[in-house]
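Please keep the sequence and the model in view while reading.

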Amino acid sequence: MSSKLNQTAGRRRFLRGGAILGASLAAGARAEPLVVAPWSKTPGEPVLWHPYGEPSPFEKNVVRRSRGPAPLPGANSSMTPLQDLHGIITPTGLVFERHHAGIPQIDPEQHRLAVHGLVERPVIFTMNDLVRLPSVSRIHFLECSGNTGREWKGPGTASLQFSHGLLSCCEWTGVPLATVLEEVGVKPEGAWILAEGADSAGMTRSIPIGKAFDDALLVYAQNGEHLRPEHGYPLRLLLPGFEGNMSVKWLRRLKVGREPFMSREETSKYTDSLPDGTARQFTFLMETKSVITFPAPDHRLKESGFYEISGLAWTGRGRIKRVDVSTDGGRNWREARLQEPVLDRALTRFRLPWRWDGAPAVLQSRALDTSGFVQPSGAQLVAARGFESNYHFNAIQSWKVASDGVITNVQV
Ligand SMILES: Nc1nc2c(c(=O)[nH]1)N[C@H]1C(S)=C(S)[C@@H](COP(=O)(O)O)O[C@H]1N2
Ligand SMILES: [Mo]
């Protein structure tokens, strides 16, 4: 289609939308003069009111939330309020946190990264040594593989923030790990790399050497500023599309070896129990997934009429190709509009106009990625994997809208 035709089609769609809106807007309109509010009559706050900018006080409920107190010192997570966000970038102050032993406060002058093992020239880098190397900035999602884990055993919590909030998407700036590996010279038998964090959890994961050379980043900045302490200041690993746990924060050591190192986080944890009693190990990829972020259980629809259904889709395999949305529990599907840019292993925003007639409805979204992978139904996922796992739950999510506008988490 030519761009001219595209514009015409877009305009026609818009007019149709306008017709839907018309009735409800007219009902609210008043033929009265516009009030001049107090804030229009006197100068406002000065510059540098907040030397580091903050949201409006009216947005004070848009915050990360945690399920409860830490079971062990510092071992906790907080969740991103996806229900209140727009576009694809997560504001840094709202990016979920997952720490196994709290947030270390690290002086960048004293921080070191050791690269050793099966290498020609073992090196200990300072932060200055690292940041002077050629850098890149890329936009990628990061999802904890435990995200949505409570859905394995039936409908989990009635909140998008708590069901899907271990998810973020940021612009990351850092040095390709490949550059550092070329500096130290990986020996031919080097096949895996152990990544270790400087927190007291001593988090360690084994990374296949192919991923390390392909697109792994040694990240020092997030959304344009230096990493925040809770996200790994001054240095973290980022493995695009892989489970969040492997993106080791407060990175202090990389050791090249022949085989995986079989650390705690890849044996007793972060493996997926199967119905036959065995477990899947090294399930790195985050698979195709999507969720409707408006409307969600964290909202309530006050009246029938026009709404724009909106949500997020992502895949560790590449780009999102299509998202279908159902408003009747999966009987009929309509293709949603994907908002540009649709980036490689980044969150993709989708939108679909909807007129709610006030009757009960079940909203669902289903993503398809460029590799041809379709997001499974809950039944398909459980048939393949059983329900003993805590990780990698990526099934279609259903939100039920009741006639009073209350929204709940259901499985259909
Ligand atoms: N050193 C270290 N790295 C870590 C963790 C940790 O506890 N210690 N948590 C991991 C887990 S489980 C996840 S999901 C991501 C979360 O990154 P974020 O807190 O920046 O969102 O960091 C990973 N990297
Ligand atoms: Mo995680």
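**Ligand site, loop and sheet**

The largest cavity is the space taken by ligand 1. The model is a predicted one.

**Surroundings of ligand 1**

- Ligand 1 is surrounded by 21 residues, and the closest are F96, H100, D199, H231 and K249.
- Strand 2, which covers residues 97-99, gives the most to this shell, with three residues.
- An oxygen atom of ligand 1 lies 2.7 Å from a backbone N or O atom of F96.
- For H100, a backbone N or O atom likewise lies 2.7 Å from an oxygen atom of ligand 1.
- A polar backbone atom of S247 is 3.1 Å from a nitrogen atom of ligand 1.
- Ligand 1 exposes 530 Å² when taken alone, and the protein buries 100% of that.

**The loop residue F282**

- F282 is found in the loop between strand 14 (279-280) and strand 15 (289-294).
- Leaving aside residues up to four places away in sequence, F282 touches W192, P260, M262 and E266.
- F282 and S206 are 76 residues apart along the chain, and their C-alpha atoms are separated by 8.9 Å.

- Four bridges join strand 22 (residues 398-401) to strand 23 in the antiparallel sense.
- W399 has N409, in strand 23, as its bridge partner.

How values were computed. Residues numbered from 1 in each chain as written. Chains lettered and ligands numbered in written order. Predicted model: local features only at pLDDT ≥ 70, side-chain atom pairs only at ≥ 80, totals over all residues. Heavy atoms only, no water. Pairing = 2+ DSSP bridges. Helix = DSSP H or I, 4+ residues; strand = E, 2+ residues; numbered from the N terminus. Contact = heavy atoms within 4.5 Å. Near = heavy atom within 4 Å. Polar contact = N/O pair within 3.5 Å; in protein donor to acceptor, adjacent residues only side chain to side chain. Areas by Shrake-Rupley, 256 points an atom, 1.4 Å probe, with all protein chains shown as cover. 1 Å grid on protein atoms, 1.4 Å probe; cavity = no way out; pocket = protein on both sides within 12 Å on 5 of 7 lines; lining within 4 Å. Sits in = over half its atoms within 2 Å of the grid points.
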